[in-house]
Amino acid sequence: RPQLVVVLRERRALLQSPTCVWGPPDILLEVLTTVTARRIRCSKLRWYRLNGVREVWMLDVRHKRFEVLDLHAGTSLPHIYSGRTSLRSTVLPSFCLQVGRLFR
């Protein structure tokens, strides 16, 4: 299970309860660890792509960065955000997060 899911307001009918989403969320957040990274990057990303998730954010705490993959665009390489760069999302265009602030 991902650590966080985002469902946009116009698709809120997918939320059957606070812990149950019936359909693909708009954004998923996964935390990469040495134990989970391979499974997330291989199996889970393929499953998310096949099931209609639009964007996946992968938080890599060890390398102090975010990897953002736009599944809707069909890209296979993530955008890497670290240090002073600001995380941007195609799903949430007004969202901006300076990644380095999380790792102080």
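**Exercise 1.** Find which helix gives the largest share of the lining of the second largest pocket.

*Solution.* Step 1: Helix H1 spans residues 37–50 and supplies four lining residues, the largest share. A helix here is a DSSP run of H or I with at least four residues, a strand is a run of E with at least two, and both are numbered from the N terminus.

Step 1: The lining as a whole consists of Arg 1, Pro 2, Gly 23, Pro 24, Pro 25, Leu 28, Ser 43, Lys 44, Trp 47, Tyr 48, Asn 51 and Val 53. A pocket is an open set of points on a 1 Å grid over the protein atoms alone, where a 1.4 Å probe fits, with protein on both sides within 12 Å along at least five of seven lines; lining residues have an atom within 4 Å of a point.

Step 2: By class, the lining has seven nonpolar, three polar and two charged residues. Ala, Val, Leu, Ile, Met, Phe, Trp, Tyr, Cys and Pro count as nonpolar, Asp, Glu, Lys and Arg as charged, and the others, Gly among them, as polar.

The model is predicted: local features need pLDDT of at least 70, side-chain atom pairs count only at pLDDT 80 or more, and totals for chains, interfaces and linings use all residues. Residues are numbered from 1 along each chain as its sequence is written, and side-chain values use heavy atoms, with hydrogens and water left out.

**Exercise 2.** Decide whether Glu 30 is buried or exposed, and name its side-chain partner in a polar contact.

*Solution.* Step 1: Glu 30 is found in strand S4 (residues 27–32).

Step 1: The relative accessible area of Glu 30 is 2%, so this residue is buried (under 20%; exposed is over 50%, partly exposed in between; 1.4 Å probe, protein chains only).

Step 2: The side chain of Glu 30 makes a polar contact of 2.4 Å with that of Tyr 48. Such a contact is a pair of N or O atoms within 3.5 Å; within protein, one must be able to donate a hydrogen and the other to accept it, and residues adjacent in sequence count only if both atoms are side-chain atoms.
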